[in-house]
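Me: I am new to reading protein structures. Could you walk me through some features, step by step?
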Amino acid sequence: MRELLKPYLRKWPWFLLSVFLFLALAIFFLKTTSPVYQIDSTVLIKDAKKSGMGDLSMLSDISGFGGMSSNGVENEIEVFKSKKLMRDVVKRLGLQTAVYSEKNLRKTELYDKTSPVLIRVVNEKEYDESIKKPIDLEISGDKITLSSEELPQKIVTTYDKTISLPYANIIISKNPKFVKPRKKENGLGKLMFSYSTVEDAVTAYQKAMQVDLVDKDATVIGLSIRYEQVEKAKNLLNVLVQSYNNDAINDKNSESKKTMDFIDDRISIIANELGAVENQKENFKRANKITDIPAEASLNLNKSANARQKMLEAETQLSLTNDLINYMSRLGNNQTLPSSVGLSNPTASANIQAYNQLVLERNNLLENATPQNPVVADLTKQINNLRASVADGLSKYKVSINLLLSELNNEQGQINSSISKIPAQEKMFRSIERQQQIKENLYLLLLEKREETAITLAMTAPKARTLDYSYASKKPVSPKFLTTVGIAIFLGLLLPFAVVYVRNLLNNTIASKHDLEKLTRNPIIGELPRVQKGQSEIVEINDLSPMAEAFRILITNMKFLLPKKEMGKVVFVTSTIKGEGKTFASVNLALTLASPAHKVIIIGADIRNPQLQRYNAARKGLDGLTEFLYNADETVKDIIHTSIFNPHLDVIYSGKIPPNPTDLLENGRYEVLLNQLKETYHYIIVDTAPLMLVTDTFITSELADATIYVTRSEFTENQLIDFANKQIDAKKIKNVAFVLNDVSRENYGYGNKYGYGYGQEELSFFGRLKQRFFS
């Protein structure tokens, strides 16, 4: 964990600076950003299904579609979110334009009492380009000047005049509600206004609106919007609810009106149909000459019974009459006739009775007189006359009875015909009456529903009841001081963290001794600090600088690698590639070793790319190693030069760059040189060529008692250490120890915590701060 945090802890000044800068930006943001408040309102949606009368419920008894009305609160939420309602709000409140005041780097929207002007959009124009820039508004008395980068030229006008902009016609008026700011507030500042099309304004406010259920088990909807101008947002929510109610009332009235029209149409149709049925009933009765079918049927039955009774009586009288006529024809003269046989003809009965009286009187006279007796003869004559009269009466009576029977038969036929028609007439009449009853009931029901609909139209109430009129939060919801500061601190920590993390992620070089220890099994005997700007690269005599102390530590550790002998200890200093500080390490290692007690010589063995001369440019061109290897007559004394930095250090420069370095190193003169030097010097430091670039060092590596492998912090790549390990495993170089060069203060082992050395110069506060940031 410590190693994971170490790269970040080393950069704590950058974290501190980053947090400070982000906090400064946060304070600037808080000072220049207008606070945004949350404005809320809650409304209760009345459930139409529970209200008793509404929508099309009055037709449920008629057509059966009373269940079609849906008043789900989710639908009402979508209605509140609709563009239709928001478009109505935008137009009613004139939200296409907004007036702003810019003062103290803060842009504030003015509205109602805070705005000196009212801007009304007369009409929009076709304009394809987007409107991005606000229009500056300068007011001087009644003179108004409009200017903007998007306007072709300045517009000078006055109040209540139509102003033609490229995208709309507007009118600017004085605001009678405007309250001038106090003198302490230094006026309104720079005025400007923005314009947007109706659709753009609708979309913007629609996105800002939040509509949600307050409770899933209730029909209460919460409306909220976050906006910097509180009064404007309050008006927006209140007018939104009003528009919702107006829209709902219009919908309800529209439905009720349609219902009323439908009912009126049906009443007219049913009235016509009912009249037609009444006419049909009247015509049926007139055609069949009836008023009441049951009464007519009873009357006809009575007539039929009476007619049958009369026919029976007539047939009886006819039979008696026929019997009497036949009896008279068989009966002789002067004999009595039956008189009490039930004849209904009083004349015939009276004649028969008179006839019988005369016959009886004659018979009584014949007992005492003869038929020739004038009295008897007169009676006989009377009897004969009366007998003829009785016979004639009976014959006439018979004829009259036959006539009566004929009439009765005709009457009975008519009655029977009427009786036979009654079932069909009754069936048709009942069908007509049924139609009449249906039409009457439907007509009465429609009249009732028309009255209910009329009551509904007169009693239409708002669909949404406002529970809480729009109110604003006491504190701004954005920007919040603690949240903004917290974000600033977080970003201030995140930025350097991300930089360090990405840098470490992309970095494939070794940075510290710990990194090098993970890549190789060989010992690491020293860390060389980075040379600061203005600091000498050379370790001087009696030097107590951190650099000198680092080389003394290196020498102490190096001695454990060297053989236990007094003279001629050969140390090769090499590296993988150019630029890792091999020559720097060689020179300062030799300078630190050189003392009155120890004679030291340094050899510039990198004859392909000589570097020793850069520490003393005046000696460039002197004979050196190349000349000794090439010329057998060249002696050691000819190429040895005393260092100008330390009298106890001698130097053999590389000499001229040869065309055949490998041949020179293999000719045996190199070994001869080292053997001669071993007799004179305690330490022989050899600045060799890089291993990866050329083979020169491998040719002579066996001559070294120890090999110091120089790597450079934040320069040497990890795979280069792998290359070194392979050479060590292949025994191409021997007795190898690594040195990490150019270590920055943050990567420098314990020295970072406890100081580089005892002779470290005390720095001022700003010096230490500078060192923290730039070391």
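Reply: Happy to! Helices (H or I, at least four residues) and strands (E, at least two) are DSSP runs, numbered from the N terminus. This is a predicted model, where local features need pLDDT of at least 70, side-chain atom pairs count only at pLDDT 80 or more, and totals for chains, interfaces and linings use all residues. Residues are numbered from 1 along each chain as its sequence is written, and side-chain values use heavy atoms, leaving out hydrogens and water.

Me: Where is the place of threonine 688?
Reply: Threonine 688 sits in the loop between strand S19 (683-687) and helix H19 (696-700).

Me: Is threonine 688 buried or exposed?
Reply: Buried means under 20% relative accessible area, exposed over 50%, and partly exposed in between (1.4 Å probe, protein chains only). With a relative accessible area of 1%, threonine 688 is buried. Contact means heavy atoms within 4.5 Å. Not counting residues up to four places away in sequence, threonine 688 touches residues including Phe572, Lys582, Asp606 and Thr697.

Me: How many aromatic pairs are found in the whole structure?
Reply: A pair of aromatic rings is described by the distance of the centres and the angle of the planes. Rings of Phe, Tyr and Trp (its six-membered ring) pair if their centres lie within 6.5 Å; planes under 30 degrees apart count as stacked, over 60 as edge-to-face and the rest as tilted. A search of the whole structure gives seven aromatic pairs. One of them joins tyrosine 127 and tyrosine 167, edge-to-face, with 5.4 Å from centre to centre and 70° between the planes. This pair links distant parts of the chain, 40 residues apart. Tyrosine 127 is partly exposed at 26% relative accessible area, whereas tyrosine 167 is buried at 3%. The rings of tyrosine 205 and tyrosine 227 have centres 6.1 Å apart and planes at 45°, so that pair is tilted. Tyrosine 205 belongs to helix H6 (residues 198-208) and tyrosine 227 to strand S12 (residues 220-227), so the pair ties together parts 22 residues apart in sequence.

Me: Which residues are buried in H6?
Reply: In H6, the buried residues are Val198, Ala201, Val202 and Tyr205. They cover an arc of only 100° around the axis, which puts them on the same side of H6; the arc is that of the directions from the helix axis to the C-beta atoms. The cover over these buried residues includes helix H5 (83-93), strand S11 (209-213) and helix H7 (230-288).

Me: What joins the side chains of lysine 232 and tyrosine 227?
Reply: A polar contact is a pair of N or O atoms within 3.5 Å; within protein, one must be able to donate a hydrogen and the other to accept it, and residues adjacent in sequence count only if both atoms are side-chain atoms. The side chains of lysine 232 and tyrosine 227 share such a polar contact, at 3.5 Å. Lysine 232 lies in helix H7 and counts as buried, at 3% relative accessibility.

Me: Which residues touch the most other members of the largest nonpolar core?
Reply: In soluble globular proteins, nonpolar side chains tend to be buried together. A nonpolar core is a set of buried Ala, Val, Leu, Ile, Met, Phe, Trp, Tyr and Cys residues joined through side-chain atoms within 4.5 Å. Within the largest nonpolar core, of 52 residues, Leu589, Ile685 and Ile708 touch the most other members. Apart from that core lies another, of 30 residues, among them Val73, Val198, Ile225 and Val241.
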